[in-house]
Amino acid sequence: MQTHSPAGSAPGLSWARVCKECGQQHDGLESHLYEYQDDVDDELVCHICLQPLIRPMDTPCGHTYCFHCLSNFLKEQDFCPVDRQRLQLHQCRPSSLLVRNLLDKLTVMCPHNTECQQQMQRCELQPHLHNRCPVFRRLREEAEKRKRPSWNELKGRKSDGESSGDAKHSASLSRNPTRDQPEPGLINPAYEESEDDNTPLRSSLVAEANVVELFREEPEEELGLRIVGGKDTPLGNIVIQEIVRDSLAARDGRLAPGDHILEVNDISLASVPHARAMAVLRLPSLLKLTVMQEKGFKTREPRSDHHPSSSTASQPSHSPHGNTTSNHNPGTVLQVTLMKSQRSEPLGIKLIRKSDESGVFILDLLSGGLAAKDGKLRNNDKVLAINGHDLRHGTPESAAQIIQGSEVRVNFVVMRPAETQEEGGSSRGRRPEPQYFRRRSTYMKDPPGGFSSQEKTVSLKKEPRLSLGITIAGGRDCRSRLPVYITSVQPVGCLHRDGTIKRGDVLLSINGVDLTQLTYSEAVSVLKAQTAQSQVVLRVIQTLSDDSEEDIESASKDDLDPLEELRDDTLNWTPLWTRWLGLPSHMHWCRDIVLQKTNNESWGFSIVGGYEESHGQQPFFIKTIVPGTPAHFDGRLKCGDEIVAVNGATTVGMNNSSLIPMLKLQKNKVTLTVVSWPGSLV
């Protein structure tokens, strides 16, 4: 069987309407379209659409269909299309790896074959489109050059009168009531321009609403997103804090830290608590996310005349972010352009990833290679972008694809670690100074409204060999410097029979020995030694919230099968982000983040919180980090981080009108003391 889809590069083709995966124009709910060049075995053809399978799903009765085809069919029917046996989608499973590999290897032609006659395996089409196809590149460049609406225009836009390409996005925004009016307590030092701004090309922010589909091949597969926010928190919106490296979301590449998730499978997340949003994001199989994505500041031409000014995300400054070699300086952002004599010429760069930091790093410059001869790039430079592609959370493989698909000019944006002199005078890049590491916080404050904590004490008499029956995680040596907390209470231990200690409780002490500042291994040693006693007194702290996550999670389990419920009780359990918000401040660890700049550009973040008459005193949280700004390139500040001090002055008691001037007065350098909790993993 040989199949052909409609040829690409048709008149009227636009970046907004073209599919970013297959390159064709089709509705978001329809399957991708490909132009197959060879006969396809009937065993690899879907019995619904009669095309080669895409995301193949096997039914219990032995038939295979495209995921989209089958899910759409079962919305109206409850049986298999071939033998009409009773069938529900959750009974189906992804096809074997062998079948998926056979489908990936089918030969297809670039859909824009009027100008690009390249043939490749189906799995190679998407990288070809994004890195090598001239038509796809031209569509993207034309879209970037068009004038895009400002943040405020986008918030208030209605779907009436929209072009067909943007109607879907505008409709989704108009259904979100939180974006139709200003949010109380929202401070935007990142967005404001002073009258004496020395960067005249900067203008208002650009943000876009996009739809991203993620498909779990296994129901229990993690998306690889860390989530913060929710209507029960000062952030309000659901925000991506971090993309986990090598995860499903990281491989997909379209989501980024700071994206606001507006909808999931047409379920609005505009006014739901954090735990409810997590339950929705954990739905199996296909997830269709509508996200608001910051694109940075748009630029304006000095003379606009009668033509709309072009707009692009702001590029990093050509000047370093500060010329000092202060211990606080995270590094210098540089732009380097390499010119190849011909497209196929190698650059002579070895790229790697690091175990302790996300992103792509230069391991070595090959002697005699183009990069080594140029002399501007160095070992240990962190690659932030190549030819405009954001690689802060990228992989060496994706970077190599971009380089291979580039023309003769390759533009690098790199961060060079601040040089620190070590023994022998050698410089080996940034070594985190003591201020960089998290330390015990001395800033006393109340938790956000709706969050609190209570201490619990359990006194037990037990046999010396009898286990407490708990498992723990955390420790001040873990990445987030968390206190030690309980991940499970086993039914065989004495604490389970008592019933006071719960999963998620934070350990304070055992038999008077303080556990709050210990590493994981230290805590394990202390617990083993003390549980050998016949008398055990255990003190823990439990965080509370008005929207109890246990109630929400248990309610959401009504829609899950028993196997899913059992999976939630495994030792891989981690607390939701909201669990940490109720901890008293003496349990917090903080760190200093020093941002530097050389002109009146924005620091690059927005804040929500402060004193309000309706809510009282609320902590200040980072809500948005803007691409192309000092906060963005520094990379340490995250959405959901709580600012407890600015230049050593506590933010407790401050309101908007007192914090804004403090941030604006810092012309070249600002020190933010932040408390950062890991986002909820989904």
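Predicted model: local features only at pLDDT ≥ 70, side-chain atom pairs only at ≥ 80, totals over all residues.

I looked up the largest nonpolar core first: it has 43 residues, and F605, L637 and L672 touch the most other members. There is also a second, separate core of 38 residues, with L13, L70, C80 and L129 among them. As a general rule, nonpolar side chains in soluble globular proteins tend to be buried together.

**Helix α10.** Which residues of α10 (residues 396-404) are buried? I found P396, A399, I402 and I403. They sit on the same side of α10, because their arc around the axis is only 120°. Next I checked what covers them: the list includes helix α3 (125-131) and strands β15 (349-352), β16 (360-365) and β19 (409-416).

**T531.** I found T531 in helix α12, which runs over residues 520-531. Is T531 buried or exposed? Its relative accessibility is 15%, and the cut-off for buried is under 20%, so T531 counts as buried. A polar atom of the T531 side chain lies 2.7 Å from the backbone oxygen of L527.

**Hairpin β22–β23.** I saw that strand β22 (residues 470-475) pairs with β23 in the antiparallel sense, over 5 bridges. I470 stands opposite V489 in β23. The two strands form a hairpin with 6 residues between them, and R481 in the turn has a positive phi of about 55°. I then checked burial in β23 (residues 482-489): 8 of the 8 residues are buried, so β23 is largely enclosed by the rest of the structure.

Technical notes: Residues numbered from 1 in each chain as written. Heavy atoms only, no water. Core = buried A, V, L, I, M, F, W, Y, C linked by side-chain atoms within 4.5 Å. Buried < 20%, exposed > 50% of the residue type's maximum accessible area, 1.4 Å probe, protein only. Helix = DSSP H or I, 4+ residues; strand = E, 2+ residues; numbered from the N terminus. Polar contact = N/O pair within 3.5 Å; in protein donor to acceptor, adjacent residues only side chain to side chain. Arc of directions from axis to C-beta. Contact = heavy atoms within 4.5 Å. Pairing = 2+ DSSP bridges.
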